[in-house]
Amino acid sequence: MSAETSAQKRRMALPGWARGLFWFGLLALVPVSMLLWSVQAWAEPGIPAFTVETDADGNQDYTLTMQILLLMTGLTLLPAVLIAMTAFLRIIVVLALLRQALGTMQTPSSQVLIGLALFLTLFIMSPVLDRIYETAVAPYMEEEIQFKEAIDIASKPMHQFMLQQTRQDDLGMFAEMAEVTLTEPSEVPFKILIPAFMTSELKTAFQIGFLIFIPFLIIDLVVATLLMSMGMMMLSPMIISLPFKIMLFVLIDGWALIMGTLANSFVVSGGGI
């Protein structure tokens with residue numbers, strides 16, 4: 001019997017799970033070796049992957065690899081930016097309070113409310129986004145400005161939008177906690193503007209939600225009083241008041257009123273939407 005035949009029999013004698021583990025380990029070495037090779041290649045001094053390059057005019061800018069890394073990192077932070085720096089926060093809170101006031105439990109569903117809030121946010125923020133594209137994105141794509149300059153230009157319309165929605169007392173509170181003296185509105189740093197903006201948005205959203213709750217609360221009180229006077233204390237008032245609240249909301253075209261109120265509650269470039 002040859003050595004090849006003996007090795008083949010030893011391989012066939014291995015159980016199935018052992019052979020599978022062997023091939024899994026062999027395949028796992030491929031991506032690990034590729035990762036180690038790439039890390040070693042980046043570490044070589046001849047490949048400036050994450051450096052700052054200087055053009056003929058002496059202007060410094062990030063390399064393409066660093067720009068792609070910053071872009072991918074920014075995409076992972078996109079949900080946080082959507083909540084903390086746009087109109088999304090006020091809209092989704094008002095819609096959630098509206099559903100609570102109607103008493104319809106999970107109707108409309110959370111997916112519907114988020115989708116509605118997302119596209120209404122896009123409608124409200126469209127002047128700001130258009131300005132960012134015209135002043136920062138388009139010149140950068142045409143290589144008229146560099147990456148760092150494009151970021152600085154793009155932050156100005158967003159800064160102006162957030163500043164227009166933020167209350168002065170909220171700005172003063174966070175500036176006092178950070179021990180920062182505010183002189184010009186355009187010089188307010190984002191570390192103060194973002195929490196002040198979110199606080200102001202929550203205040204405004206709860207004010208609108210309070211006004212939404214009043215007519216539905218009156219209906220609940222009237223129905224509960226009628227049931228008590230009729231001696232039907234075991235019957236839940238929510239069962240009787242829910243159809244009347246839905247009917248009232250439909251008759252006054254409630255969705256159009258809510259969407260119009262939310263859109264008009266924002267100020268963009270010194271005027272309404």
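In which helix is the place of T204? T204 sits in helix α9, and this briefing will take you from there through the rest of the structure. Please keep in mind that this is a predicted model. The protein has eleven helices and two strands, and 30% of its 273 residues count as buried.

**Getting your bearings**

- Starting from the N terminus, the elements follow the order α-α-β-β-α-α-α-α-α-α-α-α-α.
- Among contacts in the protein with a separation of 6 or more, 65% are between residues 24 or more positions apart.

- T204 counts as buried because its relative accessible area is 15%, and the cut-off for buried is under 20%.
- Leaving out residues up to four places away in sequence, T204 touches R90 and R167.

**The nonpolar core**

- The largest nonpolar core holds 44 residues, and those with the most contacts inside it are I91, F161, I212, I258 and L262.
- Two or more core residues come from each of α4 (78-85), α5 (88-102), α6 (110-141), α7 (147-165), α8 (168-178), α9 (190-229) and α11 (254-264).
- The element that gives the most to this core is α5, with eleven residues.
- I212 is in contact with V94, L98, A101 and I258, once its neighbours within four places in sequence are set aside.
- As general background, nonpolar side chains in soluble globular proteins tend to be buried together.

**Helix α5**

- Helix α5 has 15 residues and reaches 21 Å from its first C-alpha to its last, close to the 21 Å expected at 1.5 Å a residue.
- Of those 15 residues, 13 are buried, so α5 is largely enclosed by the rest of the structure.

**Aromatic pairs**

- How many aromatic pairs does a search of the whole structure find? The search finds four.
- One of them joins F161 and F197 in a tilted arrangement, 6.4 Å centre to centre with 55° between the planes.
- Because F161 lies in helix α7 and F197 in helix α9, this pair ties together parts that are 36 residues apart in sequence.
- Both F161 and F197 are buried.
- Another pair, F249 and W255, is edge-to-face, with 5.3 Å centre to centre and 85° between the planes.
- F249 counts as buried at 7% relative accessibility, whereas W255 counts as partly exposed at 35%.
- Ring pairs also link F161, F197 and F266 into a cluster.

**T86, between two helices**

- T86 is placed in the loop between α4 and α5.
- Is T86 buried or exposed? T86 is buried, because its relative accessible area of 9% falls under the 20% cut-off.
- The side chain of T86 reaches the backbone oxygen of L82 at 2.3 Å.
- Setting aside neighbours within four places in sequence, T86 is in contact with V81, T121, M125, F161, F197 and E201.
- Those contacts of T86 include F161 and F197, the two residues of the tilted aromatic pair.

Definitions and conventions
Residues are numbered from 1 along each chain as its sequence is written. This is a predicted model: local features need pLDDT of at least 70, side-chain atom pairs count only at pLDDT 80 or more; totals for chains, interfaces and linings use all residues. Side-chain values use heavy atoms; hydrogens and water are left out. A nonpolar core is a set of buried Ala, Val, Leu, Ile, Met, Phe, Trp, Tyr and Cys residues joined through side-chain atoms within 4.5 Å. Buried means under 20% relative accessible area, exposed over 50%, partly exposed in between (1.4 Å probe, protein chains only). Helices (H or I, at least four residues) and strands (E, at least two) are DSSP runs, numbered from the N terminus. Contact means heavy atoms within 4.5 Å. Rings of Phe, Tyr and Trp (its six-membered ring) pair if their centres lie within 6.5 Å; planes under 30 degrees apart count as stacked, over 60 as edge-to-face and the rest as tilted. A polar contact is a pair of N or O atoms within 3.5 Å; within protein, one must be able to donate a hydrogen and the other to accept it, and residues adjacent in sequence count only if both atoms are side-chain atoms. The expected span of a helix is 1.5 Å times one less than its number of residues.
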